[in-house]
Amino acid sequence: FQEAQISGNAITYFTENAFESQSGIGTTAQNNKKPQVSTSFAGTTLALSKIAAYIKETDEIVTDAPFLASEVRNSLVYQLGVVEDATLIGAVAGTSGIQGGTYGAGSSSVAANIADGILYAIKAVKGASAYDASAIIINPADMFALQIAKDSNLQYVGGGYFPGAYGNGDYQVVNALWGVPVFESTAVSQGDVLVVAKQAVKVWAKGGVDVKLYEQNEDDAIYNRVTLLAEERVACAVVDLKGVYLLEAE
């Protein structure tokens, strides 16, 4: 996704409506009237959302085991990032008006149907927006179905766990489908796949991740504890509906 910083607490972004052409763009003979085209934009104001969490630890950890204290901090920030990813993906998937289609999930070759549907979505994004797809966001269970798919000879379609298919080449970690990077997330429902062009989605943040340590919070002093708080403020929106495709199982 595209990232940007803002100074206020909300952002107004614009999405382009359908491109209208009264007579079509084309060649124009000398002294003839040129064809007219038009488009319009709709503005939407989006407020920042706060993602935050805190953790309590004993003050002995802070003073006696600084390494452990840093590990607690890193773990908190990491878990905050996991929720951030899910929040942003959920905002994209829940956007009404984005392109969408279905694939047949009831046949004996579910993995092949998912793969075909993803390829169709990649081409649909390119055809409608002229953007190249930047990421495929897929549920881990669906990615697993693709990874274990076998042909009639029980050879893994994507290559085996030691060598490649039929002993050709070395094992490769599957991190792309049809050449497009894959991001696995449970924020996408099983059976659904998001194909996204990065130009179509924008994330705004105010500052970065803010981590604070409070030593006199609530009753912490009584229990010899400290409170570690991590938070960030972000907003996410699809700014070009043509650049996102939601693939769903029939």
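Modeller: One cut-off first: a residue is buried under 20% relative accessible area and exposed over 50%, and partly exposed in between. Bear in mind too that this is a predicted model.

Side chains of opposite charge can pair when their charged atoms come close. Searching the whole structure turns up seven salt bridges. Start with lysine 126, whose side chain meets that of aspartate 132, with 3.0 Å from N to O. Lysine 126 has 39% relative accessibility, so it counts as partly exposed.

Lysine 242 comes out at 30%, so it is partly exposed. Shared partners also matter in this structure: salt bridges link Lys56, Asp219, Asp220 and Arg225 into one network. Within it, arginine 225 pairs with aspartate 219, and their closest N and O atoms are 2.9 Å apart. Both of these residues are partly exposed, arginine 225 at 23% and aspartate 219 at 30%.

Now for the rest of the surface. Tyr161, Phe162, Tyr171 and Val173 make up a nonpolar patch there, with about 520 Å² of accessible area together. Look for tyrosine 161 in the loop between helix 4 (140-147) and strand 9 (176-177). Its relative accessible area is 56%, so tyrosine 161 is exposed.

Then there's the second largest pocket, which holds about 410 Å³ of space. It is lined by 25 residues, and Phe1, Glu3, Asp85, Leu88 and Val203 are the closest to its centre. Strand 1 (2-5), helix 2 (66-93), strand 8 (135-138), strand 12 (201-214) and strand 13 (225-238) each put at least two residues into that lining. Strand 12 gives the largest share, seven residues. Sorted by class, the lining of this pocket has 14 nonpolar residues, four polar and seven charged.

Key: Residues numbered from 1 in each chain as written. Predicted model: local features only at pLDDT ≥ 70, side-chain atom pairs only at ≥ 80, totals over all residues. Heavy atoms only, no water. Patch = residues over 30% accessible without salt bridge, like charges linked within 9 Å, V, L, I, M, F, W, Y side chains within 5 Å. Areas by Shrake-Rupley, 256 points an atom, 1.4 Å probe, with all protein chains shown as cover. Salt bridge = Lys/Arg side-chain N within 4 Å of Asp/Glu carboxyl O. Helix = DSSP H or I, 4+ residues; strand = E, 2+ residues; numbered from the N terminus. Buried < 20%, exposed > 50% of the residue type's maximum accessible area, 1.4 Å probe, protein only. 1 Å grid on protein atoms, 1.4 Å probe; cavity = no way out; pocket = protein on both sides within 12 Å on 5 of 7 lines; lining within 4 Å. Points joined across faces, edges and corners; volume = space filled by probe spheres on them. Nonpolar A, V, L, I, M, F, W, Y, C, P; charged D, E, K, R; others polar.
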